[in-house]
Amino acid sequence: MAGAIRYRKGLNERTLQPLTGLPHLIQSLGRIWATRPGSRLMRLTYGADLRSALGEDLTPAIALQIYSEMVASAARHEPEAAITSLQLVRLTETGVLGIRHGGLYYPHGRFNDYSIAVPFGAIAGGGA
(Lines give C-alpha, C1' and ligand atoms only; values in the text may rest on other atoms or scores of the structure.)
Protein backbone atom coordinates (compact mmCIF):
# COMPACT_ATOMS: atom_id res chain seq x y z
CA MET A 1 0.00 0.00 0.00
CA ALA A 2 1.68 3.17 -1.16
CA GLY A 3 1.28 6.62 0.31
CA ALA A 4 0.69 7.94 3.78
CA ILE A 5 -0.31 5.76 6.69
CA ARG A 6 -4.07 5.79 7.23
CA TYR A 7 -4.51 5.47 10.98
CA ARG A 8 -7.81 4.43 12.53
CA LYS A 9 -9.44 7.20 14.48
CA GLY A 10 -11.47 7.02 17.63
CA LEU A 11 -11.99 8.66 20.99
CA ASN A 12 -10.17 8.14 24.24
CA GLU A 13 -12.75 6.35 26.37
CA ARG A 14 -11.85 8.42 29.46
CA THR A 15 -11.24 11.93 28.09
CA LEU A 16 -13.25 11.75 24.84
CA GLN A 17 -10.31 13.38 23.06
CA PRO A 18 -9.35 12.14 19.56
CA LEU A 19 -7.17 9.04 19.56
CA THR A 20 -5.17 7.57 16.67
CA GLY A 21 -2.26 5.27 15.99
CA LEU A 22 -0.59 3.21 18.70
CA PRO A 23 -2.57 4.73 21.63
CA HIS A 24 -5.76 3.73 19.79
CA LEU A 25 -4.45 0.17 19.38
CA ILE A 26 -3.54 -0.13 23.08
CA GLN A 27 -7.00 1.10 24.09
CA SER A 28 -8.57 -1.37 21.64
CA LEU A 29 -6.64 -4.31 23.12
CA GLY A 30 -7.64 -3.25 26.63
CA ARG A 31 -11.29 -3.09 25.57
CA ILE A 32 -11.11 -6.56 23.99
CA TRP A 33 -9.55 -8.06 27.13
CA ALA A 34 -12.05 -6.33 29.45
CA THR A 35 -15.14 -7.45 27.51
CA ARG A 36 -16.83 -10.75 28.34
CA PRO A 37 -17.89 -12.72 25.22
CA GLY A 38 -21.66 -12.69 24.84
CA SER A 39 -22.06 -9.26 26.45
CA ARG A 40 -22.21 -7.16 23.27
CA LEU A 41 -25.41 -7.12 21.29
CA MET A 42 -24.78 -8.04 17.63
CA ARG A 43 -21.14 -8.92 18.44
CA LEU A 44 -21.58 -11.87 20.75
CA THR A 45 -18.15 -13.37 20.05
CA TYR A 46 -16.29 -10.11 20.77
CA GLY A 47 -14.05 -10.08 23.83
CA ALA A 48 -11.87 -12.45 25.82
CA ASP A 49 -12.83 -15.20 28.24
CA LEU A 50 -10.44 -14.09 30.99
CA ARG A 51 -13.05 -14.25 33.74
CA SER A 52 -12.93 -18.04 33.73
CA ALA A 53 -9.63 -17.72 35.63
CA LEU A 54 -11.15 -15.54 38.37
CA GLY A 55 -10.97 -17.10 41.80
CA GLU A 56 -8.32 -19.60 40.75
CA ASP A 57 -4.89 -19.81 42.34
CA LEU A 58 -2.33 -18.54 39.85
CA THR A 59 -0.54 -21.69 38.75
CA PRO A 60 1.59 -22.08 35.62
CA ALA A 61 -1.39 -23.76 33.93
CA ILE A 62 -3.74 -20.85 34.77
CA ALA A 63 -1.10 -18.32 33.64
CA LEU A 64 -0.79 -20.18 30.34
CA GLN A 65 -4.58 -20.17 29.97
CA ILE A 66 -4.66 -16.39 30.53
CA TYR A 67 -1.78 -15.76 28.11
CA SER A 68 -3.33 -18.01 25.48
CA GLU A 69 -6.71 -16.28 25.69
CA MET A 70 -5.09 -12.83 25.47
CA VAL A 71 -3.15 -13.77 22.33
CA ALA A 72 -6.09 -15.57 20.70
CA SER A 73 -8.62 -12.81 21.39
CA ALA A 74 -6.24 -10.15 20.08
CA ALA A 75 -5.72 -12.20 16.91
CA ARG A 76 -9.51 -12.64 16.47
CA HIS A 77 -10.55 -9.04 17.02
CA GLU A 78 -7.58 -6.75 16.36
CA PRO A 79 -6.11 -7.01 12.85
CA GLU A 80 -3.58 -4.28 13.61
CA ALA A 81 -1.76 -6.21 16.36
CA ALA A 82 0.32 -9.34 16.71
CA ILE A 83 1.08 -10.14 20.34
CA THR A 84 4.60 -11.60 20.61
CA SER A 85 5.31 -11.40 24.34
CA LEU A 86 3.44 -11.50 27.63
CA GLN A 87 4.97 -11.20 31.10
CA LEU A 88 3.42 -11.15 34.55
CA VAL A 89 4.64 -7.93 36.19
CA ARG A 90 2.31 -7.53 39.16
CA LEU A 91 0.31 -9.81 41.41
CA THR A 92 -1.12 -8.59 44.70
CA GLU A 93 -2.80 -10.35 47.63
CA THR A 94 -6.08 -8.71 46.58
CA GLY A 95 -5.91 -10.30 43.15
CA VAL A 96 -4.64 -7.41 41.04
CA LEU A 97 -2.85 -8.81 38.04
CA GLY A 98 -0.67 -6.77 35.71
CA ILE A 99 0.59 -8.25 32.46
CA ARG A 100 3.13 -6.54 30.22
CA HIS A 101 2.36 -7.24 26.60
CA GLY A 102 4.29 -6.44 23.49
CA GLY A 103 4.17 -7.16 19.85
CA LEU A 104 3.93 -5.61 16.46
CA TYR A 105 1.55 -2.85 15.44
CA TYR A 106 0.43 -2.97 11.81
CA PRO A 107 -1.25 0.39 10.99
CA HIS A 108 -2.75 -1.06 7.78
CA GLY A 109 -3.56 -4.49 9.21
CA ARG A 110 -7.28 -3.88 8.75
CA PHE A 111 -6.55 -3.75 5.01
CA ASN A 112 -4.56 -7.04 5.16
CA ASP A 113 -1.39 -5.04 4.55
CA TYR A 114 1.36 -6.05 6.98
CA SER A 115 4.24 -4.28 5.24
CA ILE A 116 4.56 -1.65 8.01
CA ALA A 117 5.34 -3.11 11.45
CA VAL A 118 6.04 -1.03 14.56
CA PRO A 119 7.13 -2.72 17.81
CA PHE A 120 5.11 -1.76 20.89
CA GLY A 121 4.81 -2.60 24.57
CA ALA A 122 2.24 -1.75 27.26
CA ILE A 123 0.83 -3.07 30.53
CA ALA A 124 -2.68 -4.53 30.84
CA GLY A 125 -4.46 -4.81 34.13
CA GLY A 126 -3.04 -3.55 37.40
CA GLY A 127 0.14 -1.99 36.05
CA ALA A 128 3.62 -2.27 37.52
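I am working on a predicted model, where local features need pLDDT of at least 70, side-chain atom pairs count only at pLDDT 80 or more, and totals for chains, interfaces and linings use all residues. Residues are numbered from 1 along each chain as its sequence is written, and side-chain values use heavy atoms, with hydrogens and water left out.

**Entry: His24**

I began with His24, which I found in helix H1. For element names I use DSSP runs numbered from the N terminus: helices are H or I with at least four residues, strands are E with at least two. Is His24 buried or exposed? I call a residue buried under 20% relative accessible area, exposed over 50%, and partly exposed in between (1.4 Å probe, protein chains only). His24 has 12% relative accessibility, so it counts as buried. Not counting residues up to four places away in sequence, His24 touches Arg8, Lys9, Gly10 and Leu19.

**Entry: the sheet**

Next I traced an open sheet of 3 strands, which runs in the order E3-E4-E5 with antiparallel pairing. Two strands pair here if DSSP finds at least two bridges between them. Which strands stand at the edges? They are E3 and E5, each with a single partner strand, so one side of each is left without a neighbour in the sheet. On average, neighbouring strands of this sheet are turned by 20° against each other, direction ignored. My angles come from axes that are lines fitted to C-alpha atoms, for helices over the stretch in contact; they run from 0 to 180 degrees between N-to-C directions.

I then took the pairs one by one. E3 and E4 pair over 9 bridges in the antiparallel sense, and Ser85 has Gly102 in E4 as its bridge partner. The hairpin of E3 and E4 has 5 residues between the strands, and Gly95 there takes a positive phi near 95°. E4 and E5 pair over 8 bridges, again in the antiparallel sense, with Gly98 opposite Gly125 in E5. H2 packs on the sheet and touches E3, E4 and E5; its direction makes about 145° with that of E3.

**Entry: Gly121**

I stopped at Gly121 in strand E5. At 54% relative accessibility, Gly121 counts as exposed. Apart from neighbours within four places in sequence, Gly121 is in contact with His101 and Gly102. I also checked Gly121 against Thr15: they are 106 residues apart along the chain, and their C-alpha atoms are separated by 22 Å.

**Entry: the core**

Which of its 18 residues touch the most other members? They are Leu25, Leu29, Trp33, Ile66, Met70, Ile83 and Phe120. At least two residues of this core come from each of helix H1 (21–34), helix H2 (60–77), strand E3 (81–91), strand E4 (97–105) and strand E5 (118–125).

Beyond its neighbours within four places in sequence, Ile83 is in contact with Leu29, Trp33, Val71, Ala74, His101, Gly102, Gly103 and Phe120.

**Entry: rings**

How many aromatic pairs does a search of the whole structure find? I got 1. Rings of Phe, Tyr and Trp (its six-membered ring) pair if their centres lie within 6.5 Å; planes under 30 degrees apart count as stacked, over 60 as edge-to-face and the rest as tilted. Tyr106 and Tyr114 have ring centres 5.0 Å apart and planes at 90°, so I logged the pair as edge-to-face. Tyr106 is buried at 13% relative accessible area, whereas Tyr114 is partly exposed at 41%.

**Entry: loops**

Leu16 has a phi of about 65° and lies in the loop between strand E1 (9–11) and strand E2 (18–20). Leu16 is exposed, with a relative accessible area of 59%. Asn112 has phi near 60° and lies in the loop between E4 and E5. Asn112 is exposed too, at 63% relative accessibility.

My last stop was Asp49, in the loop between H1 and H2. Asp49 is partly exposed at 41% relative accessibility, and it touches Pro37 and Glu69, not counting residues up to four places away in sequence.

How values were computed: Core = buried A, V, L, I, M, F, W, Y, C linked by side-chain atoms within 4.5 Å. Contact = heavy atoms within 4.5 Å.
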